[in-house]
Amino acid sequence: MEKHRKLGRSSALKLALLIVVVILSINLRTILFFVTGSSSPIAVVRGYSMYPLLREGDIVFAYRPEPSHIKEGDIIVYRGVRGNLIIHRVVGVRVVGNAYYYVTKGDNNPLPDYYEFTGPGNAGIPYDRVEGVVLSINGYTFKIPYIGYLSIWYHTIG
């Protein structure tokens, strides 16, 4: 009888743990939004504009700081004028009035992203289109290689 009671508690604990993991998995995007402030806390690199630092299929993580905390050298994730996500480096910061604009460029591109710029005099990427800054720890850009190919293949097939 004691053995069955231990098995019952162990099974109940495993089931409760499984339920918690499933709930966290389903709500991961919401949880990450509250932690990072970014509506796109996880992004998949597509293309080769940030090569060799970021390669197609890499996954990066982003957080959304205050506009004044984004500086030259940061890599940002922003919404393009067509709504697509773009991951490029900030090569300049412009403040027009009280609004922040970021001049961006892919590391592997010859010119800044002029076609994406808006604002007075095409100042740059406005802060309201910035989804976040790519997580970097002690100058090392945090990324997970290859896993993003699953997302790329899924969206190519679908």
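This is a predicted model: local features need pLDDT of at least 70, side-chain atom pairs count only at pLDDT 80 or more; totals for chains, interfaces and linings use all residues.
**Charged side chains and a pocket: a guided tour**

At 13% relative accessibility, Arg129 counts as buried. Arg129 sits in the loop between strand 6 and strand 7, Glu116 in the loop between strand 5 and strand 6, and 13 residues separate them.

The structure holds four salt bridges. Select next Glu131 and Arg79, a pair with closest N and O atoms 3.3 Å apart. Glu131 is buried at 9% relative accessible area, whereas Arg79 is partly exposed at 29%.

Proceed to Arg89 and Asp107, which meet in a salt bridge at 2.8 Å, N to O. Arg89 is partly exposed, with 21% relative accessibility, and Asp107 is partly exposed as well, at 32%.

Now select Glu56, in the loop between strand 1 (42–44) and strand 2 (59–63). Glu56 is buried but has no salt bridge, the nearest side chain of opposite charge being that of Arg46, 5.0 Å away. Display the backbone nitrogen of Gly47 too: the side chain of Glu56 reaches this atom at 2.8 Å.

Finish at the second largest pocket, with a volume of about 200 Å³. Its lining comprises 14 residues, of which Asp74, Ile75, Val133, Val134 and Ser136 are the closest to its centre. By class, the lining divides into six nonpolar, five polar and three charged residues.

Definitions and conventions
Residues are numbered from 1 along each chain as its sequence is written. Side-chain values use heavy atoms; hydrogens and water are left out. On a 1 Å grid over the protein atoms alone, a cavity is a set of points where a 1.4 Å probe fits but cannot get out, and a pocket is an open set with protein on both sides within 12 Å along at least five of seven lines; lining residues have an atom within 4 Å of a point. Grid points are joined across faces, edges and corners, and a volume is the space filled by probe spheres set on the points. Ala, Val, Leu, Ile, Met, Phe, Trp, Tyr, Cys and Pro count as nonpolar, Asp, Glu, Lys and Arg as charged, and the others, Gly among them, as polar. Helices (H or I, at least four residues) and strands (E, at least two) are DSSP runs, numbered from the N terminus. Buried means under 20% relative accessible area, exposed over 50%, partly exposed in between (1.4 Å probe, protein chains only). Lys and Arg count as positive and Asp and Glu as negative; His and the chain ends are not counted. A polar contact is a pair of N or O atoms within 3.5 Å; within protein, one must be able to donate a hydrogen and the other to accept it, and residues adjacent in sequence count only if both atoms are side-chain atoms.
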